[in-house]
Each structure stands twice: as C-alpha cells, then as structure tokens.
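Have a look at it first, then read on.

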Amino acid sequence: MNGAKDTNRAQQVLVAAEALMTERRSSAIPLADIAERVGVTRSLLYAYYDGVPAMLDEIFQDHLGRLERAIRPPLEEGAPFRERALAAHLAYLDYLIASGESLLLLLRERQQDSPLGETSQRRFRRLLRFVASDTARALALHPREAFVLLELNAAIPEALARLVRQGEIDRETAVATCARLIAASLDAFMPIRAG
C-alpha cells in the first residue's frame with residue numbers, strides 16, 4: 001500500500017513539474033515552485049527525485065518513449081521512403097497534438113545547459129540518427145544535409161500542432177496542411193530517376 005502511495009506522489013511531482021515547465025515555456029523551474037504546486041515541502045521532493053534535472057529527465061524519457069512508439073513503426077515498414085517519411089511526420093503531428101510541447105522545451109536547451117542525463121541524450125541522438133540515415137540514403141543527401149532537412153520539416157508539424165492546441169485550426173486542417181507541405185519538401189529532394 002505504501003508503495004502505491006509513493007508511486008502516486010512521484011507521479012504528482014512529475015505532473016506538477018511538467019505543468020510548470022509548459023506554463024513558463026522553460027525547463028528552468030525552481031524546486032520550491034514544484035513543491036508548492038504539489039502541496040509538500042521541498043525536502044519531501046528529495047524522497048522521490050534528486051532534484052529538478054532528475055524530474056525533467058524522467059519526463060523526457062516518458063515523452064521520448066511515446067514519440068518513438070509513434071514514429072518508428074511507419075519508418076520501419078516496407079513502404080517506399082516518401083510514404084514512410086510522410087507517415088512519420090503525420091505521427092509526429094499527432095504526438096504533438098496529444099502530448100504538447102514538453103519534449104520540445106527540454107530539447108531546446110543548449111547542450112551544456114540541458115537538464116537531461118547522458119542516457120536520455122544518447123537515446124534521442126540514436127533516434128535522430130536512425131531517421132537521418134534513412135533520409136540521407138533515400139534522398140542521396142550528405143548526413144548533415146539530412147539533419148537540416150529533418151529540422152526544417154519538423155517545424156511544420158510543430159507549428160501546426162501548436163495551432164490545433166490553441167484552437168486556431170482543427171486537426172483535419174493540420175493533417176492536410178502537414179501532408180501537403182511535407183510531401184512538397186520531400187518531392188523537391190527526391191533524386192531524379194532515369195527512365
């Protein structure tokens with residue numbers, strides 16, 4: 001019974017930390033603010049986490065797991081690259097609509113300021129390399145060019161998801177717009193096949 005209470009309280013701490021991060025649009029959250037939000041002392045928070053970076057790292061791990069489960073299946077299917085890439089971007093859009101911007105807020109910190117642990121950073125880089133390698137191979141791009149293309153294309157579902165969450169457009173409009181823009185971007189980079 002005590003274990004269930006501890007797990008529940010630890011989850012409350014994470015929910016409070018994520019809510020504060022989202023509200024402030026920053027991962028720089030004082031421990032005192034999290035304690036106040038949960039309704040406990042700062043000292044009690046240390047019974048669950050070593051500090052704010054440990055909380056943020058766990059939030060990141062959760063979000064990264066959800067993102068991986070969303071985008072890996074379309075990328076691993078045997079469909080042609082364009083279809084796989086388009087499906088992965090649409091899955092990313094759905095993930096962002098459902099999950100918000102927590103992952104983006106945590107990733108935007110400069111490397112030296114990142115609250116994420118080395119394991120989390122490696123895990124994210126591994127996912128990014130997986131996607132970039134597939135992109136570079138399919139579009140005959142240098143790996144750095146593939147990373148830039150991915151970063152530029154990722155901005156499309158990120159901006160559209162934000163508009164959906166703010167109620168400015170509906171999900172269907174976001175999906176149609178995302179599909180059209182990503183398809184145009186991919187088509188612009190598709191190698192010309194000799195016929």
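Predicted model: local features only at pLDDT ≥ 70, side-chain atom pairs only at ≥ 80, totals over all residues.

Residues are numbered from 1 along each chain as its sequence is written, and side-chain values use heavy atoms, with hydrogens and water left out.

**The overall picture.** The protein chain has nine helices and zero strands; these are DSSP runs numbered from the N terminus, helices being H or I with at least four residues and strands being E with at least two. Its C-alpha atoms fill a box of roughly 70 × 35 × 35 Å along the principal axes. Of the 195 residues, 44% are buried. Take the contacts (heavy atoms within 4.5 Å) between residues at least 6 apart in sequence: 64% of them join residues at least 24 apart.

**Aromatic pairs.** The structure holds two of these. Rings of Phe, Tyr and Trp (its six-membered ring) pair if their centres lie within 6.5 Å; planes under 30 degrees apart are stacked, over 60 edge-to-face, and the rest tilted.

| Pair | Centre to centre | Angle of planes | Type |
|---|---|---|---|
| Phe 60 and Phe 124 | 6.3 Å | 70° | edge-to-face |
| Tyr 92 and Tyr 95 | 6.5 Å | 10° | stacked |

The Phe pair links distant parts of the chain, with Phe 60 in helix H4 (residues 52–76) and Phe 124 in helix H7 (residues 118–139), 64 residues apart. Phe 60 is buried at 0% relative accessibility, while Phe 124 is partly exposed at 21%. The two tyrosines, on the other hand, both sit in helix H5, three residues apart, or about one turn of the helix.

There's also a charge over a ring: the charged end of Arg 72 sits over Phe 130, 4.3 Å from the ring centre. That label takes NZ of Lys or CZ of Arg within 6 Å of the ring centre and within 35 degrees of the ring normal.

**H5 against H8.** How do helix H5 (residues 81–99) and helix H8 (residues 143–165) pack, and at what angle? They pack at about 35°, with their axes 9 Å apart; the axes are lines fitted to C-alpha atoms over the stretch in contact, and angles run from 0 to 180 degrees between N-to-C directions. On the H5 side the contact includes His 89, Tyr 92 and Leu 93, and on the H8 side Asn 153, Pro 157 and Arg 165 are among the residues.

Arg 25 has phi near 55°, positive in a residue other than glycine. It lies in the loop between helix H1 (2–24) and helix H2 (31–38) and is partly exposed at 38% relative accessibility. Ala 140 also has a positive phi, near 55°. Its place is the loop between H7 and H8, and Ala 140 is exposed, with a relative accessible area of 61%.

**One last residue.** Ala 176 lies in helix H9 (residues 171–189) and is partly exposed at 39%. Ala 176 and Leu 90 are 86 residues apart in sequence, yet 9.4 Å apart in space, C-alpha to C-alpha.

Note on methods:
Buried < 20%, exposed > 50% of the residue type's maximum accessible area, 1.4 Å probe, protein only.
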